[in-house]
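This briefing goes through side-chain contacts, surface charge and a few backbone features. Please keep the sequence and the model open while reading.

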Amino acid sequence: MNHEEYMRRAMELAARAADEGDVPVGCVIVRDGQIVGEGRNRREENGDATAHAELEAIRDACKKLGTWRLHGCTMYVTLEPCPMCTGGIINARIDAVRYGAKDEKAGACGSVLNLFEERFNHKPRLYGGLLEDECAEQLRDFFETLR
């Protein structure tokens, strides 16, 4: 699989989140060409403010790999991670993050601030804009149906 295919899988997970009434954000974590973690927003479903796609995918990857250190992993997420999720990414030692749409209200990878540029002990490589238009459209469509 390539970068776009991983992001398309994340978009499938985002669509499932939307079907359940959650903001459509999906995430996959990849190591050595294999998806080792998947997640989608479940805040509404679980009644949990921390049930973000990224944290769910991190938990899934840690469980599957048997370690909290996710060295060698790349995260693909449809929306720029928030401060909480960037903290999880840093703590999990994920090597790289590739995100789709920017989050001008809560994005912590450059839109509001970039926590990966701060003096933390781990600095993931960051790539924004992967299938950006499609990811943004998925979010726009969801919010239009709410109005």
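Is Glu45 buried, partly exposed or exposed? Glu45 is partly exposed, with a relative accessible area of 37%; buried means under 20% relative accessible area, exposed over 50%, and partly exposed in between, with a 1.4 Å probe and protein chains only. This is a predicted model, in which local features need pLDDT of at least 70 and side-chain atom pairs count only at pLDDT 80 or more, while totals for chains, interfaces and linings use all residues. Residues are numbered from 1 along each chain as its sequence is written, and side-chain values use heavy atoms, with hydrogens and water left out. Helices (H or I, at least four residues) and strands (E, at least two) are DSSP runs, numbered from the N terminus.

**Salt bridges**

- The structure holds 7 salt bridges, a salt bridge being a side-chain nitrogen of Lys or Arg within 4 Å of a carboxyl oxygen of Asp or Glu.
- One of them joins Arg8 to Glu134, with the closest N and O atoms 2.6 Å apart.
- Arg8 sits in helix H1 (residues 3-19) and Glu134 in helix H5 (residues 132-146), so this pair ties together parts that are 126 residues apart in sequence.
- Both ends are partly exposed: Arg8 has a relative accessible area of 35%, and Glu134 has 32%.
- Glu45 pairs with Arg42 in a salt bridge whose closest N and O atoms are 3.1 Å apart.
- Glu45 and Arg42 also belong to a network of salt bridges that links them with Arg40 and Glu56.
- Lys64 forms a salt bridge with Asp60, and here the closest N and O atoms are 3.2 Å apart.
- Lys64 and Asp60 both lie in helix H3 (residues 53-65), 4 residues apart, which is about one turn of the helix.
- Lys64 is exposed, at a relative accessible area of 53%, whereas Asp60 is partly exposed, at 21%.

**Negative surface patch**

- Glu132, Asp133, Glu137, Asp141 and Glu144 gather in a patch of negative charge on the surface.
- Patches are made of residues with over 30% relative accessible area and no salt bridge, with like charges joined within 9 Å and nonpolar side chains (Val, Leu, Ile, Met, Phe, Trp, Tyr) within 5 Å.
- For charge, Lys and Arg count as positive and Asp and Glu as negative, while His and the chain ends are not counted.
- Glu137 is located in helix H5 and is partly exposed, with a relative accessible area of 41%.

**Aromatic pairs**

- A search of the whole structure finds 2 aromatic pairs; rings of Phe, Tyr and Trp (its six-membered ring) pair if their centres lie within 6.5 Å, and planes under 30 degrees apart count as stacked, over 60 as edge-to-face and the rest as tilted.
- The ring centres of Tyr6 and Tyr76 are 5.0 Å apart and the planes are at 40°, so the pair is tilted.
- Tyr6 lies in helix H1 and Tyr76 in strand E3 (residues 73-79), so the pair ties together parts that are 70 residues apart in sequence.
- Tyr6 is buried, with a relative accessible area of 4%, and Tyr76 is buried too, with 3%.
- Phe142 and Phe143 form an edge-to-face aromatic pair, at 5.2 Å centre to centre and 80° between the planes.
- Phe142 is buried, with a relative accessible area of 10%, whereas Phe143 is partly exposed, with 33%.

**Loop residues and C-alpha separations**

- His71 is placed in the loop between H3 and E3 and is partly exposed, with a relative accessible area of 42%.
- His71 and Met84 are 13 residues apart along the chain, and their C-alpha atoms are separated by 19 Å.
- Phe116 lies in the loop between strand E4 (96-101) and strand E5 (125-128) and is buried, with a relative accessible area of 5%.
- The C-alpha atoms of Phe116 and Glu44 are separated by 28 Å, the two residues being 72 apart along the chain.

**Positive phi outside glycine**

- Asp32 is not a glycine, yet has a positive phi of about 50°.
- The loop between strand E1 (26-31) and strand E2 (34-40) holds Asp32, which counts as exposed at 73% relative accessibility.
- Leu131, also a residue other than glycine, has a positive phi near 50°.
- Leu131 is in the loop between E5 and H5 and counts as buried at 12% relative accessibility.

Notes: Accessible areas come from the Shrake-Rupley method with a 1.4 Å probe; for residues, only the protein chains shown count as cover. The place of a charge is taken as NZ of Lys, CZ of Arg, CG of Asp or CD of Glu.
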